[in-house]
Amino acid sequence: MAFINYSSREIQLKIVYYGAALCGKTTNLVTLHKQITHAQKGELVSLATDADRTLFFDFLSLNTKTLPGFTTRFQLYTVPGQAIYNTTRQLVLKGVDGIVFVVDSHWDKMADNVESFANLQENLIENHLSLVQIPYVLQYNKRDIPNAAPINYLEYTFNNRANRALAFEAVAATGVGVLETLNAAARLLLAKYSKTPNANVTGMSRPNPTVAVPPQSDSPQVGAGNVAA
Amino acid sequence: MLTAEDQMAIEQRLADFLNKSEAQWSALVDKGGNLFAQSGDTGTLDLSILSALAAGSFAATHELAKRLGESEFSALYHEGHGQHILMSALHHECLLVTIFGEKTNIGLVRFYAQQVTVSLNELLKGASEKEATAEPLQLEGNFLDNQATIT
Ligand SMILES: Nc1nc2c(ncn2[C@@H]2O[C@H](COP(=O)(O)OP(=O)(O)OP(=O)(O)O)[C@@H](O)[C@H]2O)c(=O)[nH]1
Ligand SMILES: [Mg+2]
């Protein structure tokens, strides 16, 4: 739940990276921690097994100036993707403001991706939330692998709805598309809580043509569906 | 949503609690890991990490207790070498996190924590009643152009 801390003049927003096991959620945070230079960042905390699988969550907090007089603190979390950790995923979703759903582009992972997307929606319901109220963006990760599923297939599978979510191609391991994904989620959130959603947000359906998935011609309002809450 | 006044009132209660218990730092954190209000000193510790981990460990232990058939779960205590942590459940999805050292002891801290828990719950109840009728959170002002970009 978005929270304003008046004494430190800080807005706190929680973004959760969700997705199937090994799709690259932790890698997104590791890359962000390396790439971000201007925003004030905290330590990256990982509650993981010895084999680097997320056990509880990863956590990274970023401070940015977005609104005059206020600092916005984005609290980034990942969930553990492995099926057995469902209770943990529900706990991490508590108080979520925005979601990045990471899709593994590998053909063999399609069933896992679909199951994880369904699981996300079930767990939101457990928390009395839904994707209708919670802004989310999609990230098609691992675009570098040779047997990556084509983008139009992924769009059809995960983004085939009236209000299409913003979607980004990424190679989290090398950093491609990682900041773009986060910035889209961040702006959707700021727009949701702003009295005057600015042009920046509604105009960002193609924030970076080389990375963002181009909108299909029959759906003019890409990403806008989540903006005017 | 807490107003600035709510937050000041809570910080006042926390400061008072620290005075009496001689604990080092105390905070009101929600179960999503947000830091709502705090008092005292933790040196250079990153408070957002502290809050995220406190909320996580409390949630995990609560879940464990629930599976053991314990419906009541009110506090979690970690005893360290020089520093100890007490986490107490509050109403409205919040918890009180207290860190204390050798100046005091768990008995004293727990006693005053129970007292402050009651008054914090009252404040939270008031805040949530106000919230039920309040306008949804809306931020005034324009977002700075392009600075809404994390770099
Ligand atoms: N080729 C390729 N590999 C990637 C990419 N992103 C992540 N990986 C690899 O995928 C594996 C799993 O990445 P993680 O980030 O740990 O996955 P996760 O989603 O956090 O997994 P869980 O914590 O188990 O849910 C690692 O070996 C990464 O190096 C990518 O863009 N391309
Ligand atoms: Mg992980």
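A:Thr64 touches A:Ala39, A:Phe70, A:Thr71, A:Thr72, A:Phe74 and B:Ile150, leaving aside residues up to four places away in sequence. Contact here means heavy atoms within 4.5 Å. A:Thr64 sits in strand β5 of chain A. Helices (H or I, at least four residues) and strands (E, at least two) are DSSP runs, numbered from the N terminus. A:Thr64 counts as buried, at 7% relative accessibility. Buried means under 20% relative accessible area, exposed over 50%, and partly exposed in between (1.4 Å probe, protein chains only).

This is a predicted model: local features need pLDDT of at least 70, side-chain atom pairs count only at pLDDT 80 or more, and totals for chains, interfaces and linings use all residues. Residues are numbered from 1 along each chain as its sequence is written, chains are lettered from A and ligands numbered from 1 in the order in which they are written, and side-chain values use heavy atoms, with hydrogens and water left out.

**Strand β1**

A:Asn5 belongs to strand β1 (residues 3–5) of chain A. A:Asn5 is buried, with a relative accessible area of 5%. Its contacts reach both chains: A:Asn5 touches A:Glu10, A:Gln12, B:Gln7, B:Leu35 and B:Phe36, not counting residues up to four places away in sequence. A:Asn5 and A:Phe70 are 65 residues apart in sequence, with 9.5 Å from C-alpha to C-alpha. A:Phe70 is also one of the residues that A:Thr64 touches.

**Ligand 1**

The shell around ligand 1 holds 19 residues, and A:Lys25, A:Thr26, A:Thr27, A:Gly81 and A:Asp144 come nearest. A residue is near if one of its heavy atoms lies within 4 Å. The shell divides into 9 nonpolar, 6 polar and 4 charged residues. Nonpolar covers Ala, Val, Leu, Ile, Met, Phe, Trp, Tyr, Cys and Pro; charged covers Asp, Glu, Lys and Arg; the others, Gly among them, are polar. Helix α1 (residues 25–35) of chain A gives the most to this shell, with 3 residues.

Polar contacts are pairs of N or O atoms within 3.5 Å.

| Residue | Distance to an oxygen atom of ligand 1 |
|---|---|
| A:Lys25 | 2.7 Å |
| A:Asn141 | 3.1 Å |
| A:Lys142 | 3.4 Å |

The protein covers 78% of the 660 Å² of accessible area that ligand 1 has on its own. Areas come from the Shrake-Rupley method with a 1.4 Å probe.

**Magnesium ion**

Ligand 2, the magnesium ion, is coordinated by A:Thr26 (OG1) and A:Thr54 (OG1), at 2.0 Å. The pair links distant parts of the chain, 28 residues apart: A:Thr26 lies in helix α1 and A:Thr54 in strand β5 (residues 54–67) of chain A. A:Thr26 is partly exposed, with a relative accessible area of 23%. A:Thr54 is buried at 9%. Donors are N, O and S atoms within 2.8 Å of the metal (3.2 Å for Na, K and Ca); water is not among the atoms, so sites may look incomplete.

**Helix α2 of chain A**

Which residues of helix α2 (residues 86–93) of chain A are buried? They are A:Thr88, A:Arg89, A:Leu91, A:Val92 and A:Leu93. Their cover includes β2 (10–19), β5, β6 (70–78), β7 (98–104) and α3 (110–126) of chain A, together with α2 (47–67) of chain B. Just after α2(A), A:Gly95 takes a positive phi of about 70 degrees.

**Chain B**

Chain B has 3 helices and 5 strands. From the N terminus on, its elements run α-β-β-α-β-β-β-α. Of its 151 residues, 45% count as buried.

Notes
A polar contact is a pair of N or O atoms within 3.5 Å; within protein, one must be able to donate a hydrogen and the other to accept it, and residues adjacent in sequence count only if both atoms are side-chain atoms.
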